[in-house]
Amino acid sequence: MLRASWKSLMARKLRLFMSAFAIILGVAFVAGSFVFTDTLGRSFDSIMTSTVGDVVVRPVAAGQGDLESQPSTATVPGSLVKELADVPGAARADGNITNFGTFVVGKNGKLIGGFGPPGIGVNFTDGPAAKGLQPFTLTSGHWPQANGEVVLDEKTAQKAGYLVGEKINLVSSGTQPRIQAKLVGITRMEGGTAGASISVFTTEEARTLFMEGKDVYSDVWVTAASGTSQEELRDAVAAKLPKDYEAVTGDSAAAAAATDVQEALGFITTFLLIFAGVALVVGSFLIVNTFSILVAQRSRELALFRALGSTRRQVARSVLFEATVTGLIGSILGLGLGVVIAMGIRALFGQFGLDLSGQSLIIAPRTIVVSLVVGLVVTLVAAYLPARNAGKVPPVAAMRDDAILAESGMRGRTIVGTILSAVGIGLLGAGLFADVPKATYWVGAGILGIVLGVALISPLVGRPVIAGIGWIYRKTFGAVGLMAQQNAQRNPRRTGATASALMIGVTLVSMMAVFGASAKASVDEAVDKEFVADYVVSSVVGTPFSPEVTRELAAVKGVDQVAAFRWDQVTVKGSDRQVTGIDPSHIGVLGPTPMVAGKLAGLTTTTVSVSEELAKAEKLSVGSKIDLTRGGTTKPFTVGAIHGDSALLSSDYLLSLPALESLGGPKTDSYAFITREAGASAVQVGRDLDKALADLPVVTVKDQGEFADEQRAQINQMLYLIYALLGLAVIIAILGIINTLALSVIERTKEIGLLRAVGLSRRQLKRMLRLESIVIALLGAALGIGLGVAFGVALQRSLADDGIDVLAVPWPQLGFFVALAGLVGVVAAWWPGWRASRLDILRAVTTE
Amino acid sequence: MTTDLAPERRDTTPATARVAARVTDLVKTYGSGDTAVTALKGVSLDIAAGEFTAIMGPSGSGKSTLMHCAAGLDSVTRGSVQLGDIELTTLKEKDLTKVRRDHIGFVFQSFNLIPTLNAEENILLPLSIAGRKPDRAWFDQVISTVGLGDRLGHRPGELSGGQQQRVACARALVSRPEIIFADEPTGNLDSTSGAEVLGFLRRSVDEFGQTIVMVTHDPGAASWTDRVVFLADGRIVTELREPTPERILETMKSLDAKVQG
Ligand SMILES: Nc1ncnc2c1ncn2[C@@H]1O[C@H](COP(=O)(O)OP(=O)(O)OP(=O)(O)O)[C@@H](O)[C@H]1O
Ligand SMILES: [Mg+2]
């Protein structure tokens, strides 16, 4: 029996490959995301080991928080460094100054570095990193010895086009936004920099630039004397430390830092795994279909086996055997493709500045196991039903001529499909509109339930669609159109399953299209209605900029008011909350904010404004006391105002800039909003602002229109990325249509021969298949767009309070998707049509 | 009439009758080298217009092959096939399809109908493929002759084997082809259903002047025709006019004896 299935498998290599393809893609995404994440983790592990000393002493505040909040501004006093050097077991102690907003301006005036990796400015010390590692190796020149000297890491120097001895420009988020220095040396960093740029200054200069000239450090590395372990030294150091400071071993500090980075980049894994899931779900449709058709076609052969004495189990098992081989081959190829995908992502990230080329790809045993298991399980689950049906073929069927496996009734299917959809709607509704934990899982499960449910009842739902298209076909293409329609209706389940595969991709794409259009419309409306500022100043690299910039711009001629704006995070009762730092004296620039109580202009260093929503939930009113914690610092605040929602001020907490700074918040601005004096020329002021920022390529100034454009462009960028990935789901669906059609052609060989004999030309035959294919594709598109628009609307409604308050359904775009689906149908029919038209008429008519 | 056993050309039709199809020195070889099989070894045959011709012969004698070649369904190795004025052997695939569509009707032994189309749609298929409007009066006449009036809306699966074959005949007839080829059209039918189909074919010859060539094994079926051509081992060996079952059986026996002797 197994030999027989192996033979039949080998006779259908192409078909095998087509159904395996879905598995290949799905598994590739799974494998790709694991490989990339592991590689990412490993490279940051190795980078981080050279960013810590044997023992790191830092303000407690600095150890808290994560990459999403801004680095703490709390410092270690210089006097402590000397004391630490004398701790028993310590060989030496070195104070480090680190700034995360120092970027090099290239020879061409452009900023070096991309959106994401930081530009790091540090002081030079010759203190070793943990375990005696030298973090920096000088490759040419000398270390900075005097003010005005700087050393760059080799990649940055190379990209900027600077040679040792040249004068170079830098920008900084410190008190001095522009820095000019002479490049005196080039260094290489142990483990690479992952795209970050490093500029090394003398300690004295770093202090001036980043520490407001005070004798303080960001942290201190204490180096262990030989024979002293990190833990021993940590305990000895900890004993000497005043309150508010902590000592951690290098190992744990490095591990924590690496974990932080990985968590911050964890969305990539999630993203890829979602697409893996989509590909696998779509793929399983393809597999169900392929195996069902194979079983139907082989039913005579299977019946013969039954007649010859094979048990049902044996017959079913022979089909599952085929599935196992398909799944295994698919998984192995998928694993290989996954490595390629990981390389692709790494290259893509390199484009955006996160350079991981120093680390070779890591293929962990876990990756291999998970990939193979996922691929096999999905294939076997999908092939289970067809296999069971195969077992049900009655032995007597071997003697009968007519169609043997009649499609069983639709009732059970309809019931299950309806229940699944209903449960899905419930889950989706709960995830979007109720306050459930892990809402995204609810939403995901809900969408999956609805999609599967609709796929099950698609043969039924699809009827009117096919009938409608069929009517047009008959009117336009006569007999050819009629036959195309009839063929599409012949196996409603097959058509339904094939269309459903496409439906999934189209659903997600339309959902994102509706969501994206709504987001863009919301941005436009917000800018239109609530934007008072004439110009917005923002960073090009996503890191906040020096407040000096804001101050300088206030002096530009024609500028009326400038309002600084800072994003940050605080901890309240253990959970992270977004806080916005604002300038109460220029609050008008931020637009009309509906106030429930109090005034934002009246915020002081001890008062906070809370959102209406929060006030309701926590029963806060003006005068209530709340504690805000940032890093290790906790301060009591009084509720001074309660604000409603507005485009810019949607955080739960609003603090004045000094209040935020007193909590250890950033002394750098995220944005600055600018208004023009009445009567000043828009063009002239814009030009003057640009001129003022000409030598600060780290920030740009945009007018209202440009700002809205930028926001829209960001949304578009995200949409295109998602479309590109969902495009793969569509490709799988196309393969599904090809597969179904090709198998149908084989099934209808006789019929095709007859048609050709009575005068159907090759072109007409191809057209007939093309029309059938288009019906399937359009059915998938119609179902998908229906679901997608519904999901998109639900998504928009659920986010109405989070700023996406305008619903926009991009009908032209959706129409374009329909046209595209039609094209998909045309493309998918090409190969089966070609094959059908090459069939030898006589053989076809006389095949058994 | 059955004396000459190796005639060069079977041309017993009256000189006035128009020739609907003419096959000359037809040779058909399948495969090549050692495994080559020559199914037709130089066959020449004229089919008179308005005549009902049967082709008989032992299994493997080349009946189907002759018919397929004559109908432009299969390529020939040598020789010529003319349909009216058209030489089929030199036609391109595209034109051949057109010829089949517009000038030839087919009835096969089984699987003659498209299962998704109902009887009427099946009958009109060649016309709709060609994009031609059916001649309603002619269609009605064909339908009434075929005797399927009330079953036109049914799909093939809902028709008996005999009814299906009659639908197939009607389909062959409705486009008024020059010639209809039927390969064992009653092969799968019991004698009653077979008689229905043969009666229908006979009537279409008598009433509409249709030309029909039919391959059959059944002397009873062959006796409905005007002329029986006997094939053996890829050659025409003899023919009968105004055949009766007895004479056909006799001829078959004498042929068998020859083959064995
Ligand atoms: N496609 C083919 N390839 C090779 N040989 C073939 C092919 N078709 C027919 N033949 C051979 O040609 C010869 C004639 O076959 P043909 O089908 O014409 O016989 P027939 O008279 O129709 O027989 P039957 O009464 O059994 O239908 C046979 O020997 C057959 O084996
Ligand atoms: Mg034959």
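Helices and strands here are DSSP runs, numbered from the N terminus: a helix (H or I) has at least four residues and a strand (E) at least two. This is a predicted model, in which local features need pLDDT of at least 70 and side-chain atom pairs count only at pLDDT 80 or more, while totals for chains, interfaces and linings use all residues. Residues are numbered from 1 along each chain as its sequence is written, chains are lettered from A and ligands numbered from 1 in the order in which they are written, and side-chain values use heavy atoms, with hydrogens and water left out.

**Stop 1: a glycine in a helix**

Select A:Gly334, which is placed in helix α11 (residues 312-351) of chain A. Is A:Gly334 buried or exposed? With 0% relative accessibility, A:Gly334 counts as buried; the term means under 20% relative accessible area, while exposed means over 50% and partly exposed lies in between (1.4 Å probe, protein chains only). A:Ala28 is 306 residues away from A:Gly334 in sequence, yet their C-alpha atoms are 4.3 Å apart.

**Stop 2: the start of a helix**

Select helix α20 (residues 704-747) of chain A. Its 44 residues should span 64 Å at 1.5 Å a residue, and the 62 Å between its end C-alpha atoms agrees with this; the expected span is 1.5 Å times one less than the number of residues. At the start of α20(A), a side-chain oxygen of A:Asp703 comes to within 3.1 Å of the backbone nitrogen of A:Gly705.

**Stop 3: two loops of chain A**

Select A:Ser624, in the loop between α17 (612-618) and β20 (625-630) of chain A. A:Ser624 is buried, at 16% relative accessible area, and its side chain reaches the backbone oxygen of A:Ser621 at 2.7 Å.

Now move to A:Glu212, in the loop between α6 (203-210) and β12 (216-217) of chain A. Most residues other than glycine have a negative phi. A:Glu212 is not a glycine, but its phi is positive, at about 55 degrees. At 39% relative accessibility, A:Glu212 counts as partly exposed.

**Stop 4: a sheet in chain B**

Display the open sheet of 4 strands in chain B, whose order is β2-β1-β4-β5 with antiparallel pairing. Why do β2 and β5 of chain B each have one side left without a neighbour in the sheet? Both stand at the edges, so each has a single partner strand. Strands pair if DSSP finds at least two bridges between them; β1 (residues 19-30) of chain B and β2(B) pair over 9 bridges. To see one bridge, select B:Tyr30 and its partner B:Val37 in β2(B).

**Stop 5: ligand 1**

Finally, select ligand 1, which 13 residues surround, the closest being B:Ser59, B:Gly60, B:Lys63, B:Ser64 and B:Thr65. A residue is near a molecule if one of its heavy atoms lies within 4 Å of it. Which side chain has an N or O atom 2.9 Å from an oxygen atom of ligand 1? That side chain belongs to B:His217. A backbone N or O atom of B:Gly62 lies 3.0 Å from an oxygen atom of ligand 1.

Note on methods
Polar contact = N/O pair within 3.5 Å; in protein donor to acceptor, adjacent residues only side chain to side chain.
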